[in-house]
Amino acid sequence: MSRQTSANNSTKQGRNHGINQPGVPVAASNGNDLASLFECPVCFDYALPPIMQCQSGHIVCSSCRPKLSSCPTCRGPLGNIRNLAMEKVASTVMFPCKYVSTGCPVTLLHTEKGDHEEGCEFRPYSCPCPGASCKWHGSLEQVMPHLMHSHKSITTLQGEDIVFLATDINLPGAVDWVMMQSCFGHHFMLVLEKQEKFEAQMFYAIVQLIGTRKQAENFAYRLELNGHRRRLTWEATPRSIHDGVQVAIANSDCLVFDTNIAQLFADNGNLGINVTISIT
């Protein structure tokens, strides 16, 4: 039976003494010492191409270079000189992911590093609540304790079939409605956002799993609005909270409807969305 409630507004590795062939990327264990040569003396991250240097050859990463007036190593003048030799070496070195300290075992070429780190499963999780007011970051295991401690107003319902009731949908401006659904041993965050877009008010409804992308692939969800001889349905795979909801909203990859549609299904300014979670 459906239930209804209101929604509240670098670890070092040992050396491998094998011989490297020309043109073959240096293995992680063998290339660890080489990778350390690329450490930026300012931010301690790797200085990757384009690699800048002072007149004495001391390197600094391209991100730190604009902030400096002199070399952080020798205090000599900094020009706009690139260290082409180090850039050539960098193309053969396998660098560890920046999230190695939180468990990522991957090493990869510098040309692949940025894309990997953007979606790395070991990247710290952000607070999944909509908006930018909460700046919390932590591990996946800490997400639910954080929500329970810092976002106590969020209602949680048990069961795979519930009703997400967004109250006062006629409130002006941008508004978020959030609640939690617990089933199949996992927690799901249900989000309804109202935004001013294209000179109109648009609603975006989406389900996130408090879990990894791989775990999310095991589930499906259905959102459904029901009215007099009307039905609006959206079915999809839930998104991991690692991805957040903004990309989905920007691409309209969720249940999308405008104010006029919302009024067709609303009851005295309250909108009920049937939410069903299933295992795929």
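Guide: This is a predicted model. In the hairpin of S11 and S12, 2 residues lie between the strands, and Phe184 takes a positive phi near 55°.

Visitor: What makes strand S11 and strand S12 a pair, and in which sense do they run?

Guide: Two strands pair if DSSP finds at least two bridges between them. Strand S11 (residues 175-183) and strand S12 (residues 186-197) are joined by 9 bridges, so they meet that requirement, and they run antiparallel. Within S12, Met189 is the bridge partner of Met180.

Visitor: How do you know that S12 and S13 pair?

Guide: S12 and S13 are joined by 10 bridges in the antiparallel sense, and the requirement is at least two, so they count as paired. Met189 has Gln208 as its bridge partner in S13. S12 and S13 also form a hairpin with 2 residues between them, where Phe198 in the turn has a positive phi of about 55°.

Visitor: What makes S2 and S3 a pair?

Guide: Strand S2 (residues 52-53) is joined to S3 by 2 bridges; the requirement is at least two, so the strands pair, and they run antiparallel. Met52 has Val60 as its bridge partner in S3.

Visitor: Why are strand S3 and strand S4 called edge strands?

Guide: An open sheet is formed by 3 strands in the order S3-S2-S4, with antiparallel pairing. Strand S3 (59-60) and strand S4 (81-82) are its edge strands: each pairs on one side only.

Visitor: Why is the group that includes Leu147 and Phe164 called a nonpolar core?

Guide: The term applies to buried residues of nonpolar kinds joined through side-chain atoms within 4.5 Å. The largest such core has 51 residues, and Leu147, Phe164, Met189, Leu192, Ile210, Ile273 and Val275 touch the most other members. Strand S13 (residues 200-209) supplies the largest share of this core, 7 residues. A second, separate core has 16 residues, including Cys40, Tyr46, Ile59 and Ala90. In soluble globular proteins, nonpolar side chains tend to be buried together.

Visitor: Why is the contact between Arg222 and Glu224 called a salt bridge?

Guide: The cut-off is 4 Å between a side-chain nitrogen of Lys or Arg and a carboxyl oxygen of Asp or Glu. The N to O distance for Arg222 and Glu224 is 3.8 Å, so the pair qualifies. Arg231 and Glu224, at 3.9 Å, N to O, therefore qualify as well.

Visitor: Are Glu224, Arg222 and Arg231 buried, partly exposed or exposed?

Guide: Buried means under 20% relative accessible area and exposed means over 50%, with partly exposed in between. Glu224 has 12%, so Glu224 is buried. Arg222 has 31%, so Arg222 is partly exposed. Arg231 has 61%, so Arg231 counts as exposed.

Visitor: Why can the salt bridge between Asp253 and Arg239 be said to tie parts of the chain together?

Guide: The side chains of Asp253 and Arg239 meet at 3.0 Å, N to O. Asp253 lies in the loop between helix H6 (246-250) and strand S17 (255-258), and Arg239 lies in strand S16 (residues 239-240), so the pair ties together parts that are 14 residues apart in sequence. Asp253 is partly exposed, with a relative accessible area of 33%.

Visitor: What joins Glu121, Arg213 and Asp243 into one network?

Guide: Salt bridges that share partners join Glu121, Arg213 and Asp243. The structure holds 7 salt bridges.

How values were computed:
Residues numbered from 1 in each chain as written. Predicted model: local features only at pLDDT ≥ 70, side-chain atom pairs only at ≥ 80, totals over all residues. Heavy atoms only, no water. Buried < 20%, exposed > 50% of the residue type's maximum accessible area, 1.4 Å probe, protein only. Helix = DSSP H or I, 4+ residues; strand = E, 2+ residues; numbered from the N terminus.
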